[in-house]
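Dear colleague,

I am handing over the structure below, and after it you will find my notes on what turned up. Please read them with the model open beside you.

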Amino acid sequence: MTGLHGQPPAGAALDPGYVVATESCLPEHVGSVGGKAVGLGSLLRAGQRVAASFVITAAAYRDYVSSGARGLSPAMREAIGDTYLALCDCRGAELTVAVRSSATIEDSTEASCAGQFRTYLGAAGVEEVLEQVEQCWIAAFEPQIGSYRAARQLEAADDGVAVIVQELVDARAAGVMFTQHPRTGDRSLIVIESSYGLGEAVVGGEVTPDLFEVNRITRSIHDSRIGAKPFEHRLAPGGRSVLTLPVEAKVGRGLDVEWAIGSVAGMAGEQALFTLQVRPITAGTGRPAAAGPNLDAVGHILDRLASRRAGDGAP
């Protein structure tokens, strides 16, 4: 088994076993580990912060299918279980993980397979991880996978399902980012979609996410849209399952929020976003507050903008 840490040299051969380190996954290994694992490997080698993970190779899937046996072989159970426990040891606790397919036809230039294969969230403990790995493999036989393959004339020889076991981030908000516009191909725009909680509600199309188009040159927001996000996926207390929870308004009206970016005692210089004060906006929607000694900053700005739009020559 390849170690959980360490960067392989360019062109290094992949360990032929059932489990490999994610950072060992190079583009030439896509037939063994799939497109998702290759993408994560490139991020790790570039020094990006990526949730800890390991990869179960397509060789394990092919052995599972060819054996005709019900359940994973002892060798598979040992390789996967031991690697999961090693990952837990690195964190000093039993980890809750996501178990994601990384099919050899997935996330390629010919087909993304978005939404076709399965992701299972909230596994904790060796037995749950092993069960969800097997469920990822079983899901590869679902009818829509065959239809997708046939519609894109993908060869049967490309058939292979690697699996990524990755530490599950307890996200307050998450989403996706496109480094060029996904519809127009405009390379000057970065498109970000986001929602509350885990990102599965966004990638699964379960909510209408917030959308921001950002000009990569000027860093200005080119366009934005606030979506409908009536619920969120969050880890349950203790991290042993994922809950679907309603999103509730905490204050219930337009707010004037004071904030600051900086650090506080005990943060060792780390920068973070803080809310300092929040109060209702006193200016009516579309109608600036009347001028006077009690005019607050928000009302003053709204008043000046309205005056400019009316063409009254206000400075």
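Two strands are said to pair if DSSP finds at least two bridges between them, and the elements themselves are DSSP runs, helices being H or I with at least four residues and strands being E with at least two, numbered from the N terminus. Please keep in mind that this is a predicted model, in which local features need pLDDT of at least 70 and side-chain atom pairs count only at pLDDT 80 or more, while totals for chains, interfaces and linings use all residues. Residues are numbered from 1 along each chain as its sequence is written, and side-chain values use heavy atoms, with hydrogens and water left out.

I begin with the sheet. Five strands make up an open sheet in the order E1-E2-E5-E3-E4, with antiparallel pairing. Its edge strands, each pairing on one side only, are E1 (19-21) and E4 (119-124), and neighbouring strands are turned by 30° against each other on average, direction ignored. E1 runs antiparallel to E2 (residues 53-56) and is joined to E2 by three bridges; Val 19 stands opposite Ile 56 in E2.

Helix H4 packs on this sheet, touching E2, E3 (96-103), E4 and E5 (161-167), and its direction makes about 165° with that of E4. Here contact means heavy atoms within 4.5 Å, and axes are lines fitted to C-alpha atoms, for helices over the stretch in contact, with angles running from 0 to 180 degrees between N-to-C directions.

Within H4 (residues 126-139) lies Gln 132, which is buried at a relative accessible area of 14% (buried means under 20%, exposed over 50%, partly exposed in between, with a 1.4 Å probe and protein chains only). Leaving aside neighbours within four places in sequence, Gln 132 is in contact with Val 99, Tyr 120, Leu 121 and Ala 123.

H4 also meets helix H2 (residues 58-67), the two axes coming within 11 Å and crossing at roughly 75°, which makes H2 roughly perpendicular to H4 (the term covers 65 to 115 degrees). The contact is made by Ala 60, Tyr 61 and Tyr 64 of H2 together with Glu 134, Trp 137 and Ile 138 of H4.

Lastly, the cysteines: with a disulfide taken as a pair of cysteine sulfur atoms within 2.5 Å, the count comes to zero. The sulfur of Cys 88 is 9.1 Å from the closest cysteine sulfur, in Cys 90, which is too far for a bond. Cys 88 is buried at 7% relative accessibility, and Cys 25 is buried at 0%.

Technical notes. Angles under 35 degrees count as roughly parallel, over 145 as roughly antiparallel, 65 to 115 as roughly perpendicular and the rest as oblique.
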